[in-house]
Amino acid sequence: MAWFVHTLMRFLTALLMMIMMEAEATYGPYRFIQDRPAARRRPLTYSRPAHGNIINGAPAEVCKSRPLDLVFVIDSSRSVRPAEFEKVKVFLSDLVDTLDVGVDATRVGLVNYASTVNIEFLLKTYANKADLKRAFSRVEPLSTGTMTGLAIKTAMEHTFTEESGARTANKNIPKVAIIVTDGRPQDKVEEVSASARALGIEIYAVGVDRADMKSLQAMASQPLDDHVFYVETYGVIEKLTSKFRETLCGINACALGHDCEHECVNNYNSYYCECREGYVLNPDKKTCSQAKEARGDLVEEPCMCEAQIAFQRKVHHSIKEINGKLDDLSRRVDQFQLR
């Protein structure tokens, strides 16, 4: 009798182990689930800008060339000597070197003027710096007159258009015109400049040598201190390259500090958060969860989670019953042996 009872106990113990192994193989290590645990979050990470030169109130390290639709409007009238005109082209090339040029970055166009106006190339013509610089080198002076107003009108009506490569207003790409002149306009510039500004074109006026300051101010956008520049000769115009780099600087918002859990993406002077592959952005637009955890808290497949809970409760109940029977058999064996 004792041998039979001990054999039965070993059998029941083995059966219990098999049940527990099946539960573990199906649902992971056995545990009785009462509440689903909250999803664990990584600590938020922050990037801090390094100290450096200050540009427009931001450290140099966080300055980034912002996408622009940029059109140069250059005076090549008789007062601009051939050697001086070459310096203007070098200035344009150096300035382009400071920009991110491309179809999805800054697009560049060029208007050349004197008494007539010539559109040298449109915003859509070139998509890289090398081609732009070669195009600058081929530009020839027109040599007569200074029809600055006509040049601005031409740029406004024929270069800052979608057909010419300018981007649509909903993309929020700034439209910028940089006018370089060394003389007094022979036509009116106030009205046409106001019309261009009203269309959202930001105008910078660069005066050289004999340029008329009142005309520069009439053309430029506000505030004038930020949009009107003057140099004494074409020989020092290259000094404006660094100034325009600062002026056209866009802020690298991610480098200034962010609260994205995974990845920060610059969006002009702002930013937004993205998640690494296999994760989704939570409703707070900052933190990330695994793809199956799209609702913030741990959200497993409902059917699987409920089935796991029901099965483990059943196993837990069966274990209690088997333990009770084993205890009862042990008592009976003890009583039998005492007789």
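R167 and D69 join their side chains in a salt bridge, at 2.7 Å from N to O (a salt bridge is a side-chain nitrogen of Lys or Arg within 4 Å of a carboxyl oxygen of Asp or Glu). R167 sits in the loop between α4 (148-159) and β7 (175-181) and D69 in strand β4 (residues 69-75), so the pair ties together parts that are 98 residues apart in sequence. Both residues are buried (under 20% relative accessible area with a 1.4 Å probe, protein chains only; exposed is over 50%, and partly exposed is in between).

This is a predicted model: local features need pLDDT of at least 70, side-chain atom pairs count only at pLDDT 80 or more, and totals for chains, interfaces and linings use all residues. Residues are numbered from 1 along each chain as its sequence is written, and side-chain values use heavy atoms, with hydrogens and water left out.

D97 is partly exposed at 38% relative accessible area, and K133 is partly exposed at 31%.

## The whole chain

The structure holds 10 salt bridges. Its chain has 10 helices and 14 strands, which are DSSP runs numbered from the N terminus (helices H or I, at least four residues; strands E, at least two). Of the 339 residues, 42% are buried.
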